[in-house]
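Here is a short note to read alongside the model. Please look at the structure first, then take the points in order.

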Amino acid sequence: MSSSEDMKPALTPAEQIDAQAAAWFNDRNDGTADQAQFDAWLAQSPNNLLAYWRMEAGWDRAGLLAAVRPPNHNRPGERDRRPWGLWLGRIAAIAAVVGIGIAAAYEFSGDKFTTYTTTIGGHRVVMLADGSQIELNTDTTVRVNATGKNRRVELVRGEAYFSVRHDEHRPFVVDAGDQRLVDLGTKFLLRRDAKEVRVGLFEGSVRLETPGLLASSPLAVLMAGDVAVATSSRILITRGAKRELDAEAGWRTGRLIFDHVTLAEAASEFNRYNGVKLVIADAGVGSRKFSSAFPTNGIEAFVRVAQKSLGLHVERRNGEILISN
Amino acid sequence: MSENGREHTHPPKVSAEMDMRDLHLWFTREVLPLEADLVQFLQHHNRNRSDIGDLRQEVYLRAYESAQTKLPQSTRPFVFAIARNVLVDRLRRDRIIPIEGMPDLDAIEIPDDAPGPDRSVIARSEFRRLYEALDRLPPRCREAVVMRRVDQLSRREIATRMSLSEATVKTHLNDGLRLLVAMLYGEKPDRGES
């Protein structure tokens with residue numbers, strides 16, 4: 001019994017502190033720690049506190065594993081009885097159960113999708129039977145199946161703002177290309193174009209994942225203020241991007257809000273909403289930055305700014321407006 | 001608004017101490033992600049063969065104490081400046097004076113390639129990294145950690161399933177956490193994909 005104990009190499013002083021921190025963390029996680037003794041240990045040295053924080057952060061990080069566990073590990077009814085002090089762990093755990101439950105449910109459900117579309121410059125709000133809303137921006141197509149056990153949406157193209165009424169038993173799942181969002185009660189903006197899928201969280205949280213690749217799928221829980229941009233190779237998450245988000249959602253009130261963006265970016269935004277296309281002649285002009293706000297159909301106002309304020313040359317020809325130096 | 005005619009006299013904030021939550025967040029979000037680079041840095045310049053874990057703890061301690069009055073604007077240079085001081089102090093304390101002096105310590109360039117404080121890149125490799133770290137744990141230890149972290153079983157339940165005493169499970173979990181954290185923070189991720 002004790003032979004394996006003897007084999008252990010002696011711990012360095014630093015490792016001893018780490019070992020104590022790990023033991024305290026695990027005891028507290030298991031609900032068997034004595035608070036007064038823990039406090040006393042913490043009070044001995046800030047080293048103890050820092051080592052504890054480090055263990056806690058590492059355990060949090062490993063929580064992503066809980067969210068992608070294979071279904072055969074799934075034991076409904078046994079989850080979440082523990083006093084986790086870790087919100088991340090809890091969310092990941094709940095998301096795992098929810099996400100996997102749903103993935104299985106899809107396979108058996110009928111394919112009764114309804115398609116909603118807007119044309120260029122369009123803007124429309126779709127009310128779902130459950131009280132959730134999907135607000136479609138210009139040139140957007142979504143397919144919705146909110147009947148029966150499922151609440152499933154596919155963003156085929158474009159951009160939409162989702163206000164989801166949370167229902168623990170009927171999770172709201174949105175697919176956009178390779179990315180899947182599993183709602184945990186939320187308002188978010190989702191945009192899909194040829195290169196990337198973009199998600200911005202206004203309220204609540206969603207889980208971002210890649211369907212079909214349980215073991216290797218990337219995953220993140222996005223909270224309010226987070227923006228995630230997913231390409232085929234990676235996911236970039238920006239935290240605390242409330243300001244950018246508000247600008248991005250300007251279209252909901254018919255505005256394009258540019259906050260320190262390049263002319264090229266602004267032009268491509270306008271081009272989403274208008275039949276007349278803006279063309280920036282060269283990269284030098286396109287990389288100039290500016291800040292302003294316009295109505296989504298305010299292409300002429302934009303052209304005036306380019307002409308008057310930025311001193312650029314404007315040329316119109318068959319459905320295009322060419323802006324150059 | 002100014003009913004008594006006085007100027008606005010909001011008392012200046014006298015909070016000399018940082019909010020503990022801010023410190024906690026700062027430490028976990030900004031300091032810990034530097035650990036792999038920090039460990040490499042310490043290893044590279046560790047002239048008197050101090051224990052790296054010990055040096056690392058010393059750096060964290062000084063960083064923490066210094067950040068209590070004010071969080072640094074930029075964490076990376078702040079932490080590495082402290083690391084350099086720790087190394088220099090060790091050399092002085094141990095009276096080891098290297099022949100070539102310390103110029104290389106001053107000339108050390110701290111690559112500032114880390115994402116800014118509010119950004120984090122979750123590469124697809126993060127999951128592989130977690131799995132690989134788990135995989136390198138001793139088998140029984142790994143089994144216990146997976147049951148705890150992934151299946152969320154209690155220590156008692158794990159003990160039953162593994163036919164071990166609760167005390168042994170406890171040891172496995174404690175070792176597992178310490179080793180896992182050392183791998184996750186102390187080691188560089190693979191430089192494969194971005």
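**Notes on helix packing and burial**

1. In this predicted model, helix H1 (residues 20–31) of chain B packs against helix H3 (residues 52–67) of chain B at an angle of about 135 degrees, and their axes are 11 Å apart. Because of that angle, H1(B) is oblique to H3(B). The crossing of the two helices, H1(B) and H3(B), is right-handed.

2. Which residues make this contact? From H1(B) come B:Leu23, B:Trp26, B:Phe27 and B:Val31, and they meet B:Tyr60, B:Ala63, B:Tyr64 and B:Ala67 of H3(B). Of the residues in the contact of H1(B) with H3(B), eight are nonpolar, none is polar and none is charged.

3. Is B:Ala133 buried or exposed? This residue belongs to helix H6 (residues 125–135) of chain B. B:Ala133 has 22 C-beta neighbours inside 10 Å, so it counts as buried; the cut-off is 20 or more.

4. Leaving aside residues up to four places away in sequence, B:Ala133 touches B:Leu180, B:Met183 and B:Leu184. B:Leu184 is 51 residues from B:Ala133 along the chain, yet their C-alpha atoms are separated by 7.1 Å.

5. In chain A, helix H7 (residues 263–273) has these buried residues: A:Leu263, A:Ala266, A:Ala267, A:Glu269, A:Phe270 and A:Tyr273. Viewed down the axis of H7(A), they fall within an arc of 160 degrees, so they line one face of the helix. An α-helix has 3.6 residues a turn, so residues three or four places apart point the same way.

6. The buried residues of H7(A) pack against several elements of chain A, including strand E12 (255–262), strand E14 (289–295) and helix H9 (299–309).

Terms used
Residues numbered from 1 in each chain as written. Chains lettered and ligands numbered in written order. Predicted model: local features only at pLDDT ≥ 70, side-chain atom pairs only at ≥ 80, totals over all residues. Axes fitted to C-alpha atoms, helices over the stretch in contact; angles between N-to-C directions. Helix = DSSP H or I, 4+ residues; strand = E, 2+ residues; numbered from the N terminus. Parallel < 35°, antiparallel > 145°, perpendicular 65-115°, else oblique. Left-handed = near helix turned anticlockwise from the far one by under 90°. Contact = placed C-beta atoms within 7 Å. Nonpolar A, V, L, I, M, F, W, Y, C, P; charged D, E, K, R; others polar. Buried ≥ 20, exposed ≤ 12 C-beta atoms within 10 Å, placed from the backbone. Arc of directions from axis to C-beta.
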